[in-house]
Amino acid sequence: MVWFLGLGIGGLVLLVLALVFDGVWEGVFDGFGGGLDGFLSLPVIAGFVSALGFTGALVLGTTGAGAGVATGAGVVAGGVVGWVTWRFSRVLMRDGAAPAPRGEDLTGTSGAVVTAIPAAGYGEVLLRLAGQPVKYAAKADAPVARGTEVWVESVLSPTSVTVRPVER
């Protein structure tokens, strides 16, 4: 029974190490058979080993059956836990979300001037990019006062835009 408990605890330690050191362990094992990606990832292996150990200990301790029966039950439970872990990690890793916002997405959006824009220089505007407020350096054809609502005409760089006041 001590061997089964050791396997269970060893699997949990491997899982904690895989979570703490995220991709480092997989990088270490990249040279072995194409790496530990997919069904042979460290969380899947850790889940399998833990389930094998704890299920084997449970079967051995409660039924009095031999080590062979306990090992068989552990392998079945480990296979189920490994498969569930693999499926769950695939769901978490699926990249079905919208693409990351880009600076060009700002063209045509509205914002407010937070630092007045002089005629020949830069001020600052507060815009929303993917729902988050972001401050950009702003340039305009004419002076724009603080607090004025503006539209973004073009993106000059990753941190600056050209704006014009909203006409109502």
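Colleague: Which residues does Thr 162 touch, leaving out those up to four places away in sequence?
Modeller: Thr 162 touches Lys 139, Trp 151, Val 152, Glu 153, Ser 154 and Leu 156. Bear in mind that this is a predicted model.

Colleague: Where does Thr 162 sit?
Modeller: In strand E5, which covers residues 160-165.

Colleague: Is Thr 162 buried or exposed?
Modeller: Thr 162 is buried, because its relative accessible area is 13% and the cut-off for buried is under 20%.

Colleague: What about Val 163, buried or exposed?
Modeller: Val 163 is also placed in strand E5. Its relative accessibility is 2%, so Val 163 counts as buried.

Colleague: And which residues is Val 163 in contact with, neighbours within four places aside?
Modeller: Ile 117, Val 125, Ala 138, Lys 139, Ala 140, Val 150, Trp 151, Val 152 and Glu 153.

Colleague: Take Ile 117 from that list. How many residues apart are Val 163 and Ile 117 in sequence, and what is the C-alpha to C-alpha distance?
Modeller: They are 46 residues apart in sequence. In space, the C-alpha atoms of Val 163 and Ile 117 are 9.7 Å apart.

Colleague: Let's do the core. Which members of the largest nonpolar core touch the most other members?
Modeller: Leu 106, Ile 117, Val 125, Leu 127, Tyr 136, Val 161 and Val 163. The core has 14 residues.

Colleague: Which elements give two or more residues to this core?
Modeller: E2, E3, E4 and E5. E2 gives the most, with 3 residues.

Colleague: Which residues are in the second core?
Modeller: That one is separate and has 5 residues, including Phe 4, Leu 52, Val 59 and Ala 70.

Colleague: Switching to charges. How many salt bridges are there?
Modeller: The count comes to 2. In one, the side chains of Lys 135 and Glu 124 meet at 3.7 Å, N to O.

Colleague: Which strands hold Lys 135 and Glu 124?
Modeller: Lys 135 lies in strand E3 (residues 132-139) and Glu 124 in strand E2 (residues 123-129), so the pair ties together parts that are 11 residues apart in sequence.

Colleague: Is Lys 135 buried or exposed?
Modeller: Lys 135 counts as exposed, because its relative accessibility is 53%. Glu 124 counts as partly exposed, at 28%.

Colleague: What about the bridge between Glu 153 and Arg 164, what is the N to O distance?
Modeller: Their side chains meet at 3.6 Å, N to O. Glu 153 is in strand E4 (residues 149-157) and Arg 164 in strand E5, 11 residues apart, and the pair links distant parts of the chain.

Colleague: How accessible are Glu 153 and Arg 164?
Modeller: Glu 153 is partly exposed, with 37% relative accessibility. Arg 164 is partly exposed, with a relative accessible area of 37%.

Colleague: On to the surface. Which residues form the nonpolar patch?
Modeller: Met 1, Leu 5, Ile 9, Leu 12, Val 13, Val 16, Leu 17, Val 20, Phe 21 and Phe 54. Together they have about 860 Å² of accessible area.

Colleague: Which helix gives the most to the nonpolar patch?
Modeller: Helix H1, residues 2-20, with 7 residues. Leu 12 is found in helix H1. At 41% relative accessibility, Leu 12 counts as partly exposed.

Colleague: Zoom out. How many helices and strands are there in the protein?
Modeller: There are 4 helices and 5 strands. Along the sequence the pattern reads α-α-α-α-β-β-β-β-β.

Colleague: What share of the residues counts as buried?
Modeller: 26% of the 168 residues. The protein exposes about 10600 Å², and carbon and sulfur atoms supply 67% of that area.

Colleague: Last one, confidence. What pLDDT does the protein average?
Modeller: The average is 84, and 85% of the residues score at least 70.

Colleague: Which element has the lowest mean pLDDT, and which the highest?
Modeller: Helix H2 (residues 24-28) has the lowest, at 63. Strand E1 (residues 110-115) has the highest, at 94. Where pLDDT is low, the predicted coordinates should not be read in detail.

Methods. Residues numbered from 1 in each chain as written. Predicted model: local features only at pLDDT ≥ 70, side-chain atom pairs only at ≥ 80, totals over all residues. Heavy atoms only, no water. Patch = residues over 30% accessible without salt bridge, like charges linked within 9 Å, V, L, I, M, F, W, Y side chains within 5 Å. Areas by Shrake-Rupley, 256 points an atom, 1.4 Å probe, with all protein chains shown as cover. Salt bridge = Lys/Arg side-chain N within 4 Å of Asp/Glu carboxyl O. Buried < 20%, exposed > 50% of the residue type's maximum accessible area, 1.4 Å probe, protein only. Contact = heavy atoms within 4.5 Å. pLDDT = per-residue confidence, 0-100. Core = buried A, V, L, I, M, F, W, Y, C linked by side-chain atoms within 4.5 Å.
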